[in-house]
Structures are given as C-alpha cells and as structure tokens.
Amino acid sequence: MRFPTRPRILRIGILFKLILVFTSILVIIYFTTSNIFDYQRGIVNISREVVKVRFEVLSISQAMVDSLLSMEENQKKYDVLRQDNYKEYFTSALKEYKRNLSSIQWFTYPGSDVWSKLQDDFQATMGNQVDPAEITKAHQPWVPQEKLNAWLSTISSAKQDNERFIESSMRELYAWSERSVRAGLIGLGVSMAVALFGSVYLTYSLFRPLRELRRGIRSFTVDGKLESVRVISRDELGELAQAFNEMTARLTEEEKMRTDFIDMLSHEIRTPLTSIRESVNLMREQVLGEVNDRQKRFLDIASSEMERISKLLSRLMQVSSMSSRFINLSFKPVDPVHLLHETVDKATPGAEAKKIAITAHSVPDVPSVMADTEHLRQALLNLIGNAVKFSPPGSTVKASLQLADGGNQLLFSVVDSGPGIPEGEQPLVFNKYYRGEQLKKSADGIGLGLSIAKNIVEAHGGKIWLSSRPGRGSTFFFTIPIARETE
C-alpha cells in the first residue's frame with residue numbers, strides 16, 4: 001500500500017507558520033505604535049496647554065504681584081524720603097503692571113475673565129494717576145489698603161487656580177507617560193517572544209536593531225548621556241529606533257529648556273533678593289533711623305543669609321551651563337605643574353582655617369597640554385575643595401600629577417582622609433545635585449562640585465573616577481590628553 005506524501009501541505013504549513021509569526025509581530029507592533037502615538041498625542045495636548053498658556057499666565061501674574069508690591073513700597077519710600085528716584089520706580093512699576101494686565105488678557109481659558117474684571121476695577125480706582133507726589137500729598141496711600149489687598153487676593157487666587165491646574169496636568173502627564181512606556185515595553189516583549197518561533201533570519205533581523213536600542217538606553221541609564229542610535233532596518237523596529245532618536249532629540253531640547261529655566265529663575269530671584277538686601281543694609285547702616293544692638297544682630301543674620309542665597313544662585317547658574325556639550329572651551333598651552341601648584345595655593349587659606357594641610361607633588365618633565373586654563377583649574381579646585389570639606393582637622397590632602405597611558409595622558413589625583421564613600425553611592429557621586437544620605441545631615445552643599453568637574457574633564461576628552469573605602473578616605477582621579485605637536 002502506498003501512502004500519499006504531503007510535501008505541498010508541509011510547505012504550506014511552514015509558510016503558514018512564518019506568515020503567522022510575521023503577522024503576529026506586525027499586529028503587535030501596529031497596536032503598540034498606535035497606542036504610543038495616542039499617548040504622545042495626549043501628552044502633546046496637555047503640554048501645549050500647560051506651557052503655552054498656564055505657565056505664561058503664572059509668570060505674568062507673579063510679575064503683577066511684584067509690580068503692585070513695588071508700587072506700594074516705592075510710594076511709602078517716597079512719602080518718607082521725598083526722593084525723586086522713588087517716583088520713577090513707582091511710575092515704572094505702574095506701567096509694568098498695566099502692561100502685564102493687558103498682556104494676560106490675551107490668554108483664554110476657563111476663569112480668564114477675572115483679568116478683565118481686575119482691569120476694569122483698576123481703571124475705575126486709579127484713573128490717570130501715575131505720579132506718587134500727587135497721590136501722597138496728604139500722606140495717604142496711593143490706593144486704599146483694602147483695595148490693594150483685594151487686588152492681591154484676586155491675583156493670588158488666580159495664581160493658585162493656575163498652579164492647581166498645572167499640578168493636576170503634571171500628574172495626568174505622568175500617568176500618560178507611564179501608560180506609553182508600559183505599552184511600548186509590553187509590545188516589545190511580546191514581539192520578542194513571538195520572534196523566538198521565527199526563522200534564523202528573523203532572529204538576526206531583530207537582534208541588530210534591538211542591540212542598538214539597548215546601547216542607547218544603557219548609555220542614558222549608566223552614563224547619563226543621550227545618544228542617537230543607528231536606524232538599521234526599515235521595518236517597525238526601524239521606526240522604533242527613529243522614535244528613540246526623536247525622543248533623544250526632544251529630551252536634549254528639554255534639558256536645554258531646563259537650563260534656560262534655571263537661568264531665568266535665578267535671575268528673577270536675584271532681582272528681589274538684591275532689593276531686600278539693600279533694604280536690610282539701609283537699616284543696618286541706620287539710614288532709616290536708629291537701631292539697637294539686638295536689632296542689629298538680627299539684621300546681620302539676615303544679611304548673612306541673603307549672601308548665602310546669592311552664592312547658591314550663582315552656583316545654580318554655573319552648573320546649568322556646565323554640560324560637556326555646551327561648554328565653550330578656549331584651548332591654549334597650559335603648564336600642568338604650574339596649574340597644580342597655583343590651584344593648591346588658592347585652596348590653602350580655606351584649608352588652613354580648618355587646620356588641614358595641602359601638599360602638591362608632580363613627576364619631573366611633565367609636558368604641556370592644550371586645555372582651557374580657567375575650566376581645568378575649576379575642576380581641580382572642586383576636587384581639592386571637596387577633599388578639604390570632608391577631611392578631619394589635622395589631616396593632609398594630597399594633590400599629585402603624573403603621566404599615564406604610556407605618557408599620552410596626564411593623571412591628576414586628590415587624596416583625602418575623610419569618611420570615605422559607600423560602594424553603593426560611588427556610581428552616583430558625579431550626578432547633578434547628588435549628596436549621600438549621611439552627608440545631607442553633616443555637610444553643607446548642594447552636590448554640584450563633582451558634577452561640574454566631571455563635565456569639564458569630559459569636555460577636555462578626559463575621564464574622571466574615584467577609589468574609596470568607608471573609613472579610609474577617598475581618592476579622586478582624572479586624566480587629560482597630552483597635546484602632541486605635528487612634526
């Protein structure tokens with residue numbers, strides 16, 4: 001008896017399985033991509049409302065509050081001192097308030113009619129009065145205190161409404177982002193599971209783009225760097241790689257926006273801080289009248305704290321621009337031995353105040369390097385200052401310079417006798433604003449020094465790392481490539 005063979009059926013079965021694998025992967029990727037795009041659309045809509053409307057309204061409303069308070073303050077100063085410059089300040093603040101009140105009415109959103117009502121009330125109350133000398137002839141406020149409080153209350157209430165809306169939108173934005181990431185991960189995982197039943201070609205086709213994506217993600221999670229990946233294929237995984245590159249570009253732009261925001265915020269805080277400091281100094285110098293010893297002591301404390309805040313703002317503005325991708329370096333020949341000793345000399349007074357010695361050592365015949373002197377000195381000074389901060393009194397901080405990598409690299413090192421860094425925290429110490437749990441209670445600072453040093457070193461093409469054991473101090477190293485002249 002002959003049994004019929006079924007080669008054709010067998011071939012159809014294999015083909016069917018291949019088609020099933022391809023179809024399953026395509027369907028999964030299609031729904032995953034659709035969900036991600038839907039989530040992204042929702043994220044964009046929320047972000048547009050928050051960024052283009054609510055943040056602007058919040059910023060303008062804060063400026064309006066500042067203008068009202070400035071008018072009140074300068075009117076009182078003029079009433080007491082009768083100096084014309086306070087008239088000018090009052091008039092400038094009044095114009096600024098009117099301009100902001102007019103600008104904010106361009107934004108339309110639920111509850112925005114409060115600004116038109118506020119303008120009507122302001123116009124009815126003030127009329128055309130802009131001269132503090134006229135409205136203070138009888139030593140009366142430029143506007144009744146109840147009316148001023150009502151305006152401030154209206155603006156503050158509107159601000160709070162905007163802040164609540166922004167907070168709610170941020171929570172919603174976070175939820176949409178979580179769903180988007182979850183959808184992407186689920187789709188990717190299922191696609192990989194189905195791909196395991198495919199042919200060798202499918203495995204090979206999937207492995208290469210996934211390896212690129214993994215490299216890009218690892219570069220971000222481990223090194224904190226945003227790097228684009230190669231788009232190897234033209235299929236759905238290629239689209240995913242393209243989406244990753246677009247996300248990388250967007251995150252890079254958002255990082256720049258955060259930097260600009262810190263600069264703007266620091267500037268906006270510095271302006272009223274300067275006014276407060278000048279007011280305190282006027283009282284300390286008894287320009288506004290006699291002060292007793294107890295009042296002077298508290299004024300000295302206030303002045304000291306404002307100086308500390310001013311320094312903190314300066315450091316924030318500094319770190320916001322200290323990124324290896326944005327640092328503008330001016331390369332010139334630098335004598336590293338001279339730089340080492342000069343930096344140690346600058347750090348010595350602060351160390352001596354803590355009864356800590358700093359020594360500098362370098363090997364002979366060290367060649368020059370092409371580097372930015374000021375930035376490189378800042379990086380080394382940050383490491384030495386960090387070592388001094390955490391070293392106990394009576395100890396010694398050792399700064400040294402030697403050659404490495406067969407004479408192709410300069411190796412700087414700074415050794416301290418501090419408490420050391422736990423192994424679990426060592427990969428994080430160069431991150432912005434990172435401070436160990438123990439250091440938050442025992443040392444000042446906001447965790448910017450090492451981050452700045454890392455960015456400067458990497459901008460020079462070098463590397464920075466540390467070696468530390470709890471209770472035995474720490475050693476920080478960084479390398480700088482040696483410039484060799486072309487023969």
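Q: Which side chains meet in a salt bridge with R99 in this structure?
A: A salt bridge is counted when a side-chain nitrogen of Lys or Arg lies within 4 Å of a carboxyl oxygen of Asp or Glu. In this predicted model, where local features need pLDDT of at least 70 and side-chain atom pairs count only at pLDDT 80 or more, totals for chains, interfaces and linings use all residues. Residues are numbered from 1 along each chain as its sequence is written, and side-chain values use heavy atoms, with hydrogens and water left out. Here the side chain of R99 meets that of E96, at 2.0 Å from N to O.

Q: Where do R99 and E96 lie?
A: Helices are DSSP runs of H or I with at least four residues, strands are runs of E with at least two, and both are numbered from the N terminus. R99 and E96 both belong to helix 2, three residues apart, which is about one turn of the helix.

Q: Is R99 buried, partly exposed or exposed?
A: Buried means under 20% relative accessible area, exposed means over 50%, and partly exposed is in between, using a 1.4 Å probe and protein chains only. R99 is partly exposed, with a relative accessible area of 47%, and E96 is partly exposed as well, with 28%.

Q: How many salt bridges does the structure hold, and which parts of the chain does the one between K147 and D121 link?
A: Side chains of opposite charge can pair when their charged atoms come close. The structure holds 10 salt bridges; in one of them, K147 and D121 meet at 3.1 Å from N to O. This pair links distant parts of the chain, with K147 in helix 5 and D121 in helix 3, 26 residues apart. K147 counts as partly exposed at 26% relative accessibility. Within helix 5, E167 and R171 lie four residues apart, about one turn of the helix, and they form a salt bridge whose closest N and O atoms are 3.0 Å apart. Salt bridges also link E342, E374 and R377 in a network.

Q: How do helix 2 and helix 3 cross?
A: Axes are lines fitted to C-alpha atoms, for helices over the stretch in contact, and angles run from 0 to 180 degrees between N-to-C directions. The axes of helix 2 (residues 84–104) and helix 3 (residues 113–126) come within 9 Å and cross at roughly 145°.

Q: Which residues of helix 2 and helix 3 meet?
A: Contact means heavy atoms within 4.5 Å. L94, Y97, K98, L101 and I104 in helix 2 meet W115, L118, Q119 and F122 in helix 3.

Q: How many aromatic pairs does a search of the whole structure find?
A: Rings of Phe, Tyr and Trp (its six-membered ring) pair if their centres lie within 6.5 Å; planes under 30 degrees apart count as stacked, over 60 as edge-to-face and the rest as tilted. The search finds six aromatic pairs. F122 and W151 form a tilted one, at 5.0 Å centre to centre with 50° between the planes. The pair joins F122 in helix 3 to W151 in helix 5 (residues 145–195), 29 residues apart. Both F122 and W151 are buried, and ring pairs link Y97, F122 and W151 into a cluster.

Q: Why does the pair of F430 and F476 tie together parts that are 46 residues apart in sequence?
A: F430 lies in the loop between strand 5 (409–415) and helix 11 (439–442), whereas F476 lies in strand 7 (residues 474–481), so their pair ties together parts that are 46 residues apart in sequence. The pair is edge-to-face, at 6.1 Å centre to centre with 85° between the planes. F430 counts as buried at 10% relative accessibility, and F476 is buried with a relative accessible area of 3%.
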